[in-house]
Amino acid sequence: MKIVSIDRLEDVEELQVYTDFKENQLMHINEPDLGVFIAESPKVITRALRAGYKPISILKEVGVNDSETMEVLEKLKNEELIVYEAPTKEIANLTGYKLLRGMVCAMKRKVLPSLEDICKGKSRIVVLEDVVNPSNVGAIIRSAAAMKAQGVVLTAACSDPLYRRATRVSMGTVFQVPWTVLGKNQWPDAMDKLREMGYKTASMALTNDSVSIDDDRLMQEEKLAIIMGTEGEGLKEETISKSDYVVKIPMAEGVDSLNVAAASAVAFWQLCNYKKS
């Protein structure tokens, strides 16, 4: 590891990943090789390193030397990478944002596991259908980690869990919970594959035939795939019609829904911490 102090970020070509590219461009920057993502804050970077993601470079604010930051630098002391240090104002001007806890790290993506690999040996998984807000994706994955959901499957239209805001909101749990993204046009046909693997599908939606989240039948299912939809529109009609269960969270009169991230915490607490009688 080498620490290099700089005054102007635009003078260093290697820093273009932080200054010149949008996150969806970074995802495809090395095609056909794997792309890049940006991990922000020492906590998120540490969890990414533990999950086996390879660092490319680090951009750090001058003078930020708290214990978590120093822990990251200690972990990387034997790595062949450069830690660039720059003044806070210069970083904010060039990147357009103030660094959270003074550090970001460009990292190489990994090959995503298959649907079968995500589901193998797991009794409770989560499916996100077209959840496009990265904050919601991050919050849902954080709920999955906290409430013991064992894997997350995202449809192709979902926001990327490795977007900077998603990783930050998740507090790095996107590197803790196994997840994958389905290819285009693989959903809702993938529901048939889930059934072949022994899962019952439970769509979170409010319909005339919805069952309560504490329905005993849900508690007795050996394998359950909990399906959650995008904010506002919710799940597609085809997804709901193909589901084994349509599940609702009972609410006070006058309130018919929760934010999808809040609903995920309630749903996972009930459905992933079941005790069979």
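Start with the largest pocket, which holds about 690 Å³ of space. (A pocket here is an open set of points on a 1 Å grid over the protein atoms alone, where a 1.4 Å probe fits, with protein on both sides within 12 Å along at least five of seven lines; lining residues have an atom within 4 Å of a point.) This is a predicted model, where local features need pLDDT of at least 70 and side-chain atom pairs count only at pLDDT 80 or more, while totals for chains, interfaces and linings use all residues. Residues are numbered from 1 along each chain as its sequence is written, and side-chain values use heavy atoms, with hydrogens and water left out.

Select Arg109, Leu112, Asp160, Trp179 and Val181: of the 33 lining residues, these lie nearest the pocket's centre. Now colour α2 (23–27) and β8 (179–181), each of which supplies at least two residues of that lining. By type, the lining splits into 21 nonpolar, seven polar and five charged residues.

Next, go to the second largest pocket, with a volume of about 560 Å³. Pick Met204, Ala205, Leu206, Asp256 and Ser257, which lie nearest its centre among 24 lining residues. Two or more lining residues come from each of β11 (224–229), β12 (245–248) and α12 (260–271).

Last stop: show helix α3 (residues 42–50) with helix α4 (residues 67–75), packed at about 30° with their axes 9 Å apart. That makes α3 roughly parallel to α4 (angles under 35 degrees count as such). For the contact (heavy atoms within 4.5 Å), select Pro42, Lys43, Ile45, Thr46, Leu49 and Arg50 on α3, then Glu68, Thr69, Glu71, Val72 and Lys75 on α4.

Terms used:
Axes are lines fitted to C-alpha atoms, for helices over the stretch in contact, and angles run from 0 to 180 degrees between N-to-C directions. Helices (H or I, at least four residues) and strands (E, at least two) are DSSP runs, numbered from the N terminus. Angles under 35 degrees count as roughly parallel, over 145 as roughly antiparallel, 65 to 115 as roughly perpendicular and the rest as oblique. Grid points are joined across faces, edges and corners, and a volume is the space filled by probe spheres set on the points. Ala, Val, Leu, Ile, Met, Phe, Trp, Tyr, Cys and Pro count as nonpolar, Asp, Glu, Lys and Arg as charged, and the others, Gly among them, as polar.
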